[in-house]
Amino acid sequence: MTVPPDEPPRLGPEAAWEQLAADLHGDRAALVGFATSWIRLVPRRTEGLAAALREGDADAARGLLLTLRSTATMLGVGDLVDAATHALAALGAGGTDGAWDHLEAVASAADTGAIVIAGMIAQEGWSNR
């Protein structure tokens, strides 16, 4: 994968998990807390995105997509980063109608990402026994 010069290299979930742990000065409880909160908030954010797109609220949709993309980047959920990036591009080009076509991909990538991150949390619990 070629990374444009203005984008940092993307990390997978395991490497992102360790990078985030290092950023948190090794505070594994904070890492698990962040990841747990992220999983809990994913449905609210994807439902909010659907509502914003349905209502034609481009600003709210953009904010939710940026939040999903940035937090997915932190956790190494690359499919969600890609889906949100494509939805943001469509939002910019075609407004909320254009972004609507990407909602299913964003929601699916978010759901799959939540499963992956739940697995990371479970592994963290096992490694601390």
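User: Is the crossing of α2 and α3 left-handed or right-handed, and how do I read that?

Analyst: A crossing is left-handed if the near helix is turned anticlockwise from the far one by less than a right angle, and right-handed if clockwise. Here α2 and α3 cross in the left-handed way. Helices are DSSP runs (H or I, at least four residues), numbered from the N terminus. This is a predicted model, where local features need pLDDT of at least 70 and side-chain atom pairs count only at pLDDT 80 or more, while totals for chains, interfaces and linings use all residues. Residues are numbered from 1 along each chain as its sequence is written, and side-chain values use heavy atoms, with hydrogens and water left out.

User: What is the mean pLDDT of the protein?

Analyst: pLDDT is the predictor's confidence in each residue, from 0 to 100. The protein's mean is 90, with 91% of residues at 70 or more. Residues 1-5 stay under 50.

User: At what angle do α2 and α3 pack?

Analyst: Axes are lines fitted to C-alpha atoms, for helices over the stretch in contact, and angles run from 0 to 180 degrees between N-to-C directions. Under 35 degrees counts as roughly parallel, over 145 as roughly antiparallel, 65 to 115 as roughly perpendicular and the rest as oblique. For α2 and α3 (residues 58-75) the angle is about 155 degrees, and the axes are 9 Å apart. That makes the two roughly antiparallel.

User: Which residues make that contact?

Analyst: Contact means heavy atoms within 4.5 Å. On the α2 side they include Phe34, Trp38 and Leu49, and on the α3 side Leu64, Leu68 and Met74 are among them. Ala, Val, Leu, Ile, Met, Phe, Trp, Tyr, Cys and Pro count as nonpolar, Asp, Glu, Lys and Arg as charged, and the others, Gly among them, as polar. This contact has 14 nonpolar, four polar and one charged.

User: How do the axes of α1 and α2 cross?

Analyst: They come within 9 Å and cross at roughly 125 degrees, and α1 and α2 are therefore oblique to each other. Their crossing is right-handed.

User: How many salt bridges are there in the whole structure?

Analyst: Side chains of opposite charge can pair when their charged atoms come close. A salt bridge is a side-chain nitrogen of Lys or Arg within 4 Å of a carboxyl oxygen of Asp or Glu. A search of the whole structure gives three. One of them joins Glu18 and Arg28, with the closest N and O atoms 3.0 Å apart. Glu18 sits in α1 (residues 13-23) and Arg28 in α2, so the pair ties together parts ten residues apart in sequence.
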